[in-house]
Each structure stands twice: as C-alpha cells, then as structure tokens.
Amino acid sequence: MLIKTYGAAVQGINAVVITIEVHLTQGYHFCLVGLPDNAVRESNERIRSALTVNGYHIPHKQVTINMAPADIKKEGAAYDLPLAIGMLAADEQIACADLSKYLIMGELSLDGTLQAIRGALPMALQAREAGFQGIILPEANAREAAVVEGLQVYGMNNILEVVRFLNGTEVREPLHLDMQTVFNRPSELTEVDFADVRGQENVKRALEVAAAGGHNLLMIGPPGAGKSMMAKRLPGILPPLTLEEALETTKIHSVAGTIDKGVSLITRRPFRSPHHTVSDVALVGGGVNPMPGEISLAHNGVLFLDELPEYKRSVLEVMRQPLEDRKICISRAKMSVEYPAGFMLVAAMNPCPCGHYNDPTHACTCGPGMVHKYLSRISGPLLDRIDIQVEIIPVPFDKLSNTQEAERSSAIRERVVRARQIQAERFKDVPGIHCNAQMTSKMMRRYCAVDEAGNRLLSYAIDKLGLSARAYDRILKVARTIADLEGAPDITVKHLSEAIGYRNLDRSGWAG
C-alpha cells in the first residue's frame, strides 16, 4: 500500500514542501531514500521505540520510504513524526481519510513525546502558500506557527494525540491568535535607560542621530568611559518593529532555534553582542548545515562589537559586503542560501593599547606609532561604512555626583520615531529603502542638496581639516538625519557642522 504524508525542509529562511511516500510490500526490510542525513536515517529507531511504548508497531513488512524532491537534502530529526504517521497509515493502523490536508513535522522522543523543532514559522507560511488546510507540530511551536492567518494550527504533546486526532477519536480545536493583540501588546520595560547615564551629552546625541537614521556608529574612548553602557541602551530608543519586520525577524530566529518557548512573535528589536573570539562562520552564518550567523540574528536590530580592534581581521572584513547589501549569501557546492542582514553596526574601542590616548585624566604610555598601529587593525573600507565616529572622554566628578535625572529613553525615542516617520514618507515609493543610511547616490542628489554656504563648509572640512573624500557621502546622510530630527526640510550649515563633528577618525593627525 502506498501512502503520502507531507513535511517541509527549511532553506535559508524559507521552507519547501517535502512529500514523504511510504510503500509497503512483502518482506522485512527498511529502506529510506531521498537524500536524508544521518539524523533522518536514525529516525527508524526513535519511531520504533515511540510506537511500541504507545501500543503501536512498525509494519512487519518491507518498508520503502522516498522523500521528494530527492535533490534537496533532508536534515534533522523533525521528520520523525511524518515518517511515523506515514508508516502507520500505510499499515492501516490509522484510518485518516485524507492526510493530504495537513503538513506534519515533529521530533520524537523514545516515549513518543514531541520535541520542539526549528523553522516552525517558515513551515507554516509555506503550508498556507501550498494550500494545506492545517499543520500538525509540537505544542512548543504552536504559538509560533499560529501567527500565520488562514491556517489551522494543531499543537500536539505526543504521537498518541496525533494518532487519535487523525483517527477522529479525539477532537481538537486549532490554536487561534489575535495578531493585532499579539503585535500591539506592551513591550516589557527595559531595565536600562538613558536616564541612568550621567554626562556624555554629546555621545547620547550621536546615538540619537544614529538611531534616527539607521547609521552605523563607532565610539572611541578610554576604559570606563561608558561605551558599553550606552550601547546597551540604544535598543530602548529605536523605533518599534513594523509587523512585516517582526515576521521577518521571527523567521530568522525560528530557523536558528533561538525563540523562547511560548513566544509567538518577536516584537522587540534584536540586540546581539558576540565576543571578540567569534569565528567568521559564527558571525556571518554558514557551517556544514548552513545556519544564520550573528549579523542575521541582528537583522532589524543592533549588532554591538565591543573592543573592535580585538576581533580577528578576517572576521571584520567579512562584514563589508553585508553592510552594503543588507544580506549575506552562503554558497556551498550543492546549495546556496541567502539570509537577511539589515543590521545597525555599533562598535566600541579604546584609542590605543593602554587605552588613555587623548584622555585628560591619564597619561598615555604607548610608544611612538603604537596608536596608529592599533587603529590600523580596522581597515579603511570597513571604517568607510561607519557613518558616525564619536570620541568619548571620562565624565568629571561633578556630573557623576549629580543626582538630577537625565532625559529618559522614552523621550529620546519619541524624537527618533518622528524622524523615522519623515523618512518612511520620503522613501515610500522606493522598495528596500527605509532610512537615510540606505540612500543611494541618486537619492542623495535629490534629498541632500546643500546651499552655497554649506558647500563652502564642506570644502573647508575636506581641504583644511584633512577629512577624507570618502567621508563626504556619510556627512551628507548624517546631516539629512539631523535635519529630520529638527523637522527641517533643508540641510543647513548647522546640520552639516554637527555631521562633520562625527568624523573623528578622518581628521588628519588625530592618531598622532
């Protein structure tokens, strides 16, 4: 007897329907084909134990299973459940009239309990697109899949519940979520707030500008000046995720298996902070079985790199292309997957090996040329992609001891949101462009025009202050954001002056 069940394989952040054909004939042999990996081949033993514990058995016949399309590699233990259901149905131990209505996925424990799987949201989206009536998967993934409207989602705890449901002996209601309620629910209050930061008004302003325009930012200063502390408060002033961004972010974390149990939708912007010992593959993604890296897990959020010069040169250089293209393509001999990588890079570093170059309170002990050598660990092309470079100095005692509360993150966020709304209206007809940092050269000529006084200031900054030519576009983009924060239609000299001040590392002689 030939029976078909349906599962899904995740490729990148999307899924492909897999047809599982189970054929029983006379004999006693088990054959599984269709490019399964070792975890899929081992499913026979897990299925055997799970069925035996729950009063069922693997058919005492020759079992031939084909997983089509055969040219797509099937990976992981999530195929246990559709394989088991297919064998039971082929042996007429299940009397389900039409298995073709459901996409089924789940990993089996030896006692038949269903374990959580990766990629439930992409699978549910593909199930709806392919016309399935519903999806059956572990209870732990049910809320994640239920964000897909127009699809019946059944979360099960063990294989016995699945068999009873398919046999019609147990009635279960599909899980329904009100997407508007889920998406609009109040976010948890963050434990960190800019109100806790004493002094550093210029740095807080730079972070506000970076958040408003989606600009990459580098903070340079001595140890203990507050670089990491302020970076961790940046997500609190970023604009909220749109529903489209939330779904895309959730898909990435679903594939990576980093979604907490019971969470249906990620509604807060990610903040990723990998250690400086991170490898190239861990940062950009890949591996034998390609998975999203840190730059993709930070999509629509912040990637914070502390102690930037301590990262391996090769690790930093692999970020150059994703910073420009906002995506990363992982190519292997037989497959190629693409992950989104639209992150905001925020980095922090000391100005020299001892950490006290330009520190007014401590003398620098570095020898001649050591500062320049230390800074040269960051290549020019990578530095070119960082719009704002701000220098931090230690906070004096009178500001540290001031008990007056500084401006709260919520107030800063309101200004950031207003600026982003201006940009959303500006770029509403341009797909893929959401903020000033993403503007092309053609867009800059249209939206970043400056008057004669502004041109004279830019000319002076480049020729007299030693600013590099590559800083020109970055200055204009940042100036456009500063003007948006003020609600100004045009870029003025005041906006340009502030933007020029954010190019510390471009100043000739800064590193001695």
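Is histidine 253 buried or exposed? Histidine 253 counts as buried, at 7% relative accessibility; buried means under 20% relative accessible area, exposed over 50%, partly exposed in between (1.4 Å probe, protein chains only). This is a predicted model, in which local features need pLDDT of at least 70, side-chain atom pairs count only at pLDDT 80 or more, and totals for chains, interfaces and linings use all residues. Residues are numbered from 1 along each chain as its sequence is written, and side-chain values use heavy atoms, with hydrogens and water left out.

**Histidine 253**
- Helix H10 (residues 243-256) holds histidine 253; helices (H or I, at least four residues) and strands (E, at least two) are DSSP runs, numbered from the N terminus.
- The histidine 253 side chain reaches the backbone oxygen of leucine 297 at 3.0 Å.

**Nonpolar cores**
- A nonpolar core is a set of buried Ala, Val, Leu, Ile, Met, Phe, Trp, Tyr and Cys residues joined through side-chain atoms within 4.5 Å.
- The largest has 69 residues; Ile65, Tyr79, Ile85, Ile136 and Leu166 touch the most other members.
- Helix H3 (residues 80-90) gives the most to this core, 8 residues.
- Another core, of 50 residues, lies apart from it and includes Val197, Leu217, Phe304 and Ile500.

**Backbone exceptions**
- Most residues other than glycine have a negative phi, and most peptide bonds are trans.
- The bond from alanine 68 to proline 69 is cis, with omega near 0 degrees.
- Asparagine 300 has a positive phi of about 65 degrees and is buried, with a relative accessible area of 10%.
- Arginine 326 has a positive phi near 60 degrees and is partly exposed, at 28% relative accessibility.

Conventions:
Polar contact = N/O pair within 3.5 Å; in protein donor to acceptor, adjacent residues only side chain to side chain.
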